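Subject: A structure for you to look through

Hi,

Here is the structure I promised to pass on. Please open it beside this message, and then read on for what turned up.

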Amino acid sequence: MTQTEERAQRYVGGGLLRKEDPELITGQASYVDDITIPGMLWVGVVRSPIAHARLGGVEVAAARSMPGIVEAYSGADLASEWAGGLPCAWPVTEDIKMPTHWPVVQDKARYAGDAVAVVVGESRAQVKDAMEAVEVEYEPLDPVVTMEEALAEGATKVHDDFDDNETYVWKLANGEVDQTFADAEVTIAERYYHPRLIPNAIEPRGVVVAPIAAQGEYTLYTATQIPHILRTTLALTVNIPENKLRVIAPDVGGGFGSKLNVYAEEAICLALARKLGRPVKWIEERSENYLATIHGRDVIQEMELAATQEGKITGVRVKLTADMGAYLQLVTPGIPVLGAFLYAGVYDAQVYSFECVGVFTNKTPTDAYRGAGRPEATYAIERAIETLARKVGKDPVEIRRLNFIEPFDKPRPVAAGLEFDSGNYRAGFDKALDLADYDGLRAEQERRRNEGGVKQLGIGLSTYIEMCGLAPSQVLGSLRYGAGGWETATIRCHPTGKVTVITGTSPHGQGHVTTWSQITADALGVSPDDVEVLHGDTAVSPMGMDTYGSRSLSVGGTALYYAAEKIRNKVKKVAAHELEVSEEDLEWSEGKFQVRGAPDKAKSVPDIAFCLWHCHNLPPDTEPGLEETYVFDPPNFTYPSGAHVAVVEVDTETGLVELTKYVAVDDCGTQINPTIVEGQIHGGVAQGVAEGMFEEAIYDESGNLTTSHMGYYRVPSAAELPSFILDSTVTPSTTNPLGVKGIGEAGTIASPPAVVNAVIDALAPLGVTDIDMPTTPERVYNAIQSAKGASA
């Protein structure tokens, strides 16, 4: 079957209702906390309340003696359980400093929340009581809380084995960057801070481990995005043969990257189940989640642009300082690298350089959080281009149009060294401006400014590009990433006409069951209702690279596409034999193979699946059964893009910002299910607006997380957001035959600079040209007062 043969698309591109939703909205879903196993014990983790302290001693005897308690352990008690520390799979440089990260610390606590002891008991309540009886002797040390403190000469070391707190320096350069800046007619240099964020998945993490002690086998249920990666890495950490470890991700209530990790609690529960020979369960509380689950962002950006007097960008130069926190989690060092190539955005720069310094601090480790490096890059370039516009006296629209890469439909090299797959950035930008009524907004803004009212209007623009479909494997290897970028899919056609799809992706809200059913239904001429999609269980789907980085559709969906091609090739061969014609005489039409010119002579995929079951009349050398697997390793990344417009009202007396309109036009390539695409954009924009306006994790000088619950860490609700105006453009990706690019992170990438640019735009007549995220009333008010003081 050639890719040019007709495929009747009856379902792809349609807004099929999500097949996953009935059980989710009727309370029939099964999350980790719903799992109970006879004889199960509860696990509690005692955490350090001090950001940096040596452990003088950990006494658990009193806890062991309490009612219902089976055991209690210090880090030293469990030291023999580990074959190694928790994994970091992305050592981005050869000389990176990588400390051993034990699941339960033995020497000192390095952040508030570090695990220092474990209690196991018959009930959750009894365990919580006993945790209070664990006596830990802390010898406080000076913490390093900010990156500047950590890099200062003579700073306290987070890890005593290293000379300082700098973990790595990663560099990228293309072209004569320094000379370009020296010769530039115009340069701008800005400093931005991307605040630390706390993921808030609706379901906190949880782990259940069920041992079959006699056989040395273990089933681990966990709220994770990466069951396959987890199986491999935990086998190494806990020294359990991988073929004796089954990992199941049941229904997972969101992740946003925070469940893309190998956590201490997963290793702890696996070790305890082995040690005690009984099932164990640990469920994270929300306040615990704020300390023990990874954080995101926390980056200082020094952003420079070189340009002509007209405003045409000629060079980009970036230096990042990135807070790793106390340890390197699974991909912590690589998060800045994911954005390293994108600081020129959708603009046609000629030379490019990027440098990142990774820093240890006494804070919760950072790692992947929705967008993972791409929001940081977009924020910097979209803030910087507005500064450039002000410097050369151009409108923000005009400066972007001047610098856009011209439309292209074949891979195109860019200054950072990548090849973008396809794009038409001006088309999406112009559509977003039309939907927002940009000219009308500017007229209304001028009217308000002339009237001198308290509430001023601000219009913020953001154009973005992101690098998705984490792949190819060889490129990942060149970046020192520890795993591949391939993905697998299996299609099994049953003799009764039903179809089972087994995927290596692991959804947690993205709608894979629905979209995979649509792709399969169109490819094989069946109904989506007849397709069952299995995922998230390493015993059912033994191969996979899981879900993150908007890779599932572009890599996993493409593997499914090619598996369907293999199915249809076999079906065509058998159908030709059954119909007594040559394969060349058959065409695929209306979901069947039919004889050209004789549509009444046809065979469907279910027809041939039945033939391959009874095997009464098969062509020579044809194996019975209709099942095929394909492993796809993509030749390039995919590059979704888009343009967003935010409109705000700013109260110049109180600093209160209200988002009144939001327009998003996104290009994610071919859309399999537009309804799911819109849902992903809605959630992404809400998350990014929260980053721009509300959310920030704040530590005090002692390393205490002061935004330790939702009373202090502001997570917005629908009441704080307007209805979003959404549209799209389509430039199919050249990386895969589906033409898909990815959409899960787009809204989160584009919206923070749109919001901040809007606030600055509203305050421009007052002399405000800079404000940090989030744009809280206090921060906005202070910016206004500072501008007034500067102009006095």
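Predicted model: local features only at pLDDT ≥ 70, side-chain atom pairs only at ≥ 80, totals over all residues.

Residues are numbered from 1 along each chain as its sequence is written, and side-chain values use heavy atoms, with hydrogens and water left out.

**Strands**

In S5, 7 of the 7 residues are buried, so the strand is largely enclosed by the rest of the structure. Buried means under 20% relative accessible area, exposed means over 50%, and partly exposed is in between, using a 1.4 Å probe and protein chains only. S5 pairs with strand S1 (residues 41–47) in the antiparallel sense over 6 bridges; two strands pair if DSSP finds at least two bridges between them. S5 also runs antiparallel to strand S3 (residues 69–74), joined by 5 bridges, and there Ala72 has Val119 of S5 as its bridge partner.

Further along is strand S18 (residues 455–465), with 10 of its 11 residues buried. S18 is paired with strand S26 (residues 641–651) over 11 bridges, again in the antiparallel sense. Tyr464 stands opposite Gly642 in S26.

**The nonpolar cores**

A nonpolar core is a set of buried Ala, Val, Leu, Ile, Met, Phe, Trp, Tyr and Cys residues joined through side-chain atoms within 4.5 Å. The largest one has 165 residues, and those touching the most other members are Trp170, Met303, Val316, Phe341, Tyr343, Phe354 and Phe420. Helix H19 (residues 746–763) gives this core its largest share, 11 residues. Another core lies apart from it, with 45 residues, among them Val531, Leu560, Leu586 and Ile672.

**Helix H11**

What is buried in helix H11 (residues 396–403)? The buried residues are Pro396, Val397, Ile399, Arg400 and Asn403. Seen down the axis of H11, they fall within an arc of 165°, so they line one face of the helix; the arc is that of the directions from the helix axis to the C-beta atoms. These residues pack against strand S14 (313–325), helix H10 (374–392), helix H12 (425–436), helix H13 (438–451), S18 and H19. At the N-terminal end, Asp395 caps H11, with a side-chain oxygen 2.7 Å from the backbone nitrogen of Val397.

**Salt bridges**

The structure holds 50 salt bridges, each being a side-chain nitrogen of Lys or Arg within 4 Å of a carboxyl oxygen of Asp or Glu. Here are a few to find:

- Arg400 and Glu382 have their closest N and O atoms 2.8 Å apart. Arg400 lies in H11 and Glu382 in H10, so the pair ties together parts that are 18 residues apart in sequence. Arg400 is buried, at 0% relative accessible area, and Glu382 is buried at 0% as well.
- Arg412 and Asp348 have their closest N and O atoms 3.4 Å apart. This pair links distant parts of the chain, 64 residues apart: Arg412 is in strand S16 (residues 412–413), and Asp348 is in the loop between helix H9 (335–340) and strand S15 (351–360). Arg412 is partly exposed at 23%, and Asp348 is partly exposed at 22%.
- Glu444 and Arg448 come to 2.9 Å between their closest N and O atoms. They are 4 residues apart in H13, about one helical turn. Glu444 is partly exposed at 24%, whereas Arg448 counts as buried at 15%.
- Arg47, Arg205, Glu265, Glu284 and Glu288 are linked in a network.

Is Tyr712 buried or exposed? At 56% relative accessibility, Tyr712 counts as exposed. Tyr712 sits in the loop between helix H18 (674–693) and strand S28 (724–728), and touches Thr706 and Thr707, not counting residues up to four places away in sequence.

Happy exploring!

How values were computed:
Helix = DSSP H or I, 4+ residues; strand = E, 2+ residues; numbered from the N terminus. Contact = heavy atoms within 4.5 Å. Polar contact = N/O pair within 3.5 Å; in protein donor to acceptor, adjacent residues only side chain to side chain.
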